[in-house]
Amino acid sequence: PFKKKASAKEVHCFEFKCWVRGVTRLLMEPGKFPNSSGTRNLQDNLSDLKAQVAANNKGINLVKDLIGEYGLDVVQAYMQHIQDNAEVAVKEMLRNIARKEKLRSGLTTLSAVEHMDDGSPISLKIGIDEAEGTALFDFTGTGREVKGNWNAPRAVALSAMIYCLRCMVGYDVPLNQGCLRPIKTVIPIGSLLDPSDTAAV
């Protein structure tokens, strides 16, 4: 919990083949740095990685089964339908929010600032285009990355947005990228929500 830099306690595994020997070396490598150690529980880490690989393989096999039963064109069409449905649901929700906010304040803009324990701000301004059912999520004003492990990579911020949007739509919509189609996002580079590669997360 007291990490200051990713290079001290984290291992960046961007693209690699899961060879146990190579992964073990990567997980233990931070121990070369002063006041640092490798992973605290190598067997748990290896088991987690194996479980993730198994889950991905299971998903691959299930998709292959679907394609085998219905054909690639049908499966891809339904994947597209799921995303299209999510997009429509989010657009409808944004229009409803815009109408209510316009009645309340005369504007279709929402904003909020929350603070982390150290005082770093997370700032969000949402401008909604009621006619289009689209929105701009602008995180300008969010604090710079910190020397701690509560930075969140951009992908995590986008995943949180998808989750929140999906919860707000009021329909049973699977989590998918279609939720973000009506959304443009501004996240400052080097901030808590888009930290550098050397920042701990």
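Q: Before we start, what do buried, exposed and partly exposed mean here?
A: Buried is under 20% relative accessible area, exposed is over 50%, and partly exposed is in between, with a 1.4 Å probe and protein chains only.

Q: Thanks! And what kind of model is this?
A: This is a predicted model: local features need pLDDT of at least 70, side-chain atom pairs count only at pLDDT 80 or more, and totals for chains, interfaces and linings use all residues. Residues are numbered from 1 along each chain as its sequence is written, and side-chain values use heavy atoms, leaving out hydrogens and water.

Q: Okay, how many salt bridges are there?
A: The structure holds seven, a salt bridge being a side-chain nitrogen of Lys or Arg within 4 Å of a carboxyl oxygen of Asp or Glu.

Q: Which residue does R154 pair with?
A: R154 meets D194 in a salt bridge, at 3.9 Å from N to O. R154 lies in helix α5 and D194 in the segment after β4, so the pair ties together parts that are 40 residues apart in sequence. Helices (H or I, at least four residues) and strands (E, at least two) are DSSP runs, numbered from the N terminus.

Q: Is D194 buried or exposed?
A: D194 is buried, at 17% relative accessible area, while R154 is partly exposed at 31%.

Q: What about R181, what does its side chain meet?
A: The side chain of R181 meets D84 in a salt bridge, 2.7 Å from N to O. D84, R181, E87 and K91 are linked in a network of salt bridges.
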